[in-house]
Amino acid sequence: MLFRRIVNLSHRLQLRRDFDFKRASFSCSTASQNESMPLPSTGVEKVYPDKIVKIVDDISGLNLLEVADLNALLKSRLNISDAPVMMAGGGAPASAPQAQEEEEEEAAAPQAVQTSFTVKLEKFDPAKKVAVIKEIKNLVEGMNLVQAKKFVEGAPAVVKADIAKDEAEKMKAALEAVGADASIE
């Protein structure tokens, strides 16, 4: 949240500077428009603590992937959601009748039909562990025997996600045939 506030504040300051600059350039006469105009200053340059300057220098030296990692870490550490931040005075709160109408519209909307399914390995018969490992290796593309063994031992685990219903049912049947308990979600 702090990071997002810093970004929003710097954005607002830049917009304010741009607006002041445009307003100043419109008020100029045509004779003075040929001259370059300095950016408006706030009068006194703000002095930032060394700690803040060091953080800004470190962040400005990051590449795009590192910035994405920093963003994800800040979101998790500071418990920031991906929901957009509402600016102060951005909108009035919804009144109770409006909220009630929205709820009624949502209730009247048809129920969505599930089109993607997830196959989950719940548990397996220890006597048939080898067969389950081989079947997992065959079902999951790119998995070797060692990975399949670790996967099976880590049950319950998701075998495949976002697949069609018929494919999910085939996977479940194949796993149950070798002695595993599987579920479709």
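A: Asn79 sits in the loop between helix H3 (64-77) and helix H4 (96-108). In this predicted model, the phi angle of Asn79 is near 60 degrees, a positive value in a residue other than glycine. The background to this remark is that most residues other than glycine have a negative phi, and most peptide bonds are trans. With a relative accessible area of 71%, Asn79 is exposed.

Asp162 also has a positive phi without being glycine, with a value near 55 degrees. Asp162 belongs to strand E2, and its relative accessibility of 62% counts as exposed. A further backbone feature is the cis peptide bond joining Ala155 and Pro156, where omega is about 5 degrees. Pro156 is placed in the loop between H6 and E2.

The wider chain gives these residues their context. The protein chain contains 7 helices and 3 strands. Read from the N terminus, its elements follow the order α-α-α-α-β-α-α-β-α-β. Of the 185 residues in the chain, 14% are buried. Among contacts with a separation of 6 or more, 66% are between residues 24 or more positions apart. The chain exposes about 14,800 Å², of which carbon and sulfur atoms supply 57%.

Part of the surface is a nonpolar patch of about 610 Å², made by Tyr48, Ile52, Val53, Ile55, Val56, Ile59, Leu62 and Val67. Helix H2 (residues 50-60) gives the largest share of this patch, namely 5 residues. Val53 lies in helix H2 and is partly exposed, with a relative accessible area of 36%.

Helix H2 also holds a charged pair. Side chains of opposite charge can pair when their charged atoms come close. Asp58 and Lys54 meet in a salt bridge through their side chains, at 3.0 Å from N to O. Because Asp58 and Lys54 are 4 residues apart in helix H2, about one helical turn separates them. Asp58 is partly exposed at 42% relative accessibility, whereas Lys54 is exposed, with a relative accessible area of 52%.

The structure holds 6 salt bridges. In one of them, Lys123 pairs with Asp181, and the closest N and O atoms are 3.9 Å apart. This pair links distant parts of the chain, since Lys123 is in strand E1 and Asp181 is in strand E3 (residues 180-184), 58 residues apart. Lys123 is exposed, with a relative accessible area of 52%, and Asp181 is partly exposed at 38% relative accessibility. Another salt bridge joins Glu167 and Lys160, with 3.8 Å between the closest N and O atoms. Glu167 counts as partly exposed at 34% relative accessibility, and Lys160 is partly exposed as well, with a relative accessible area of 26%.

In helix H6 (residues 145-153), Ala148, Phe151 and Val152 are buried. These three cover an arc of only 95 degrees around the axis, which puts them on the same side of H6. The buried residues of H6 pack against strand E1 (117-124), helix H5 (129-139) and strand E2 (157-163). On the face of H6 turned away from the buried side are the exposed residues Val146 and Lys150. At the start of H6, a side-chain oxygen of Asn144 comes to within 3.1 Å of the backbone nitrogen of Val146.

Terms used
Residues are numbered from 1 along each chain as its sequence is written. This is a predicted model: local features need pLDDT of at least 70, side-chain atom pairs count only at pLDDT 80 or more; totals for chains, interfaces and linings use all residues. Side-chain values use heavy atoms; hydrogens and water are left out. Buried means under 20% relative accessible area, exposed over 50%, partly exposed in between (1.4 Å probe, protein chains only). Helices (H or I, at least four residues) and strands (E, at least two) are DSSP runs, numbered from the N terminus. The arc is that of the directions from the helix axis to the C-beta atoms. Contact means heavy atoms within 4.5 Å. A polar contact is a pair of N or O atoms within 3.5 Å; within protein, one must be able to donate a hydrogen and the other to accept it, and residues adjacent in sequence count only if both atoms are side-chain atoms. Accessible areas come from the Shrake-Rupley method with a 1.4 Å probe; for residues, only the protein chains shown count as cover. Patches are made of residues with over 30% relative accessible area and no salt bridge: like charges are joined within 9 Å, nonpolar side chains (Val, Leu, Ile, Met, Phe, Trp, Tyr) within 5 Å. A salt bridge is a side-chain nitrogen of Lys or Arg within 4 Å of a carboxyl oxygen of Asp or Glu.
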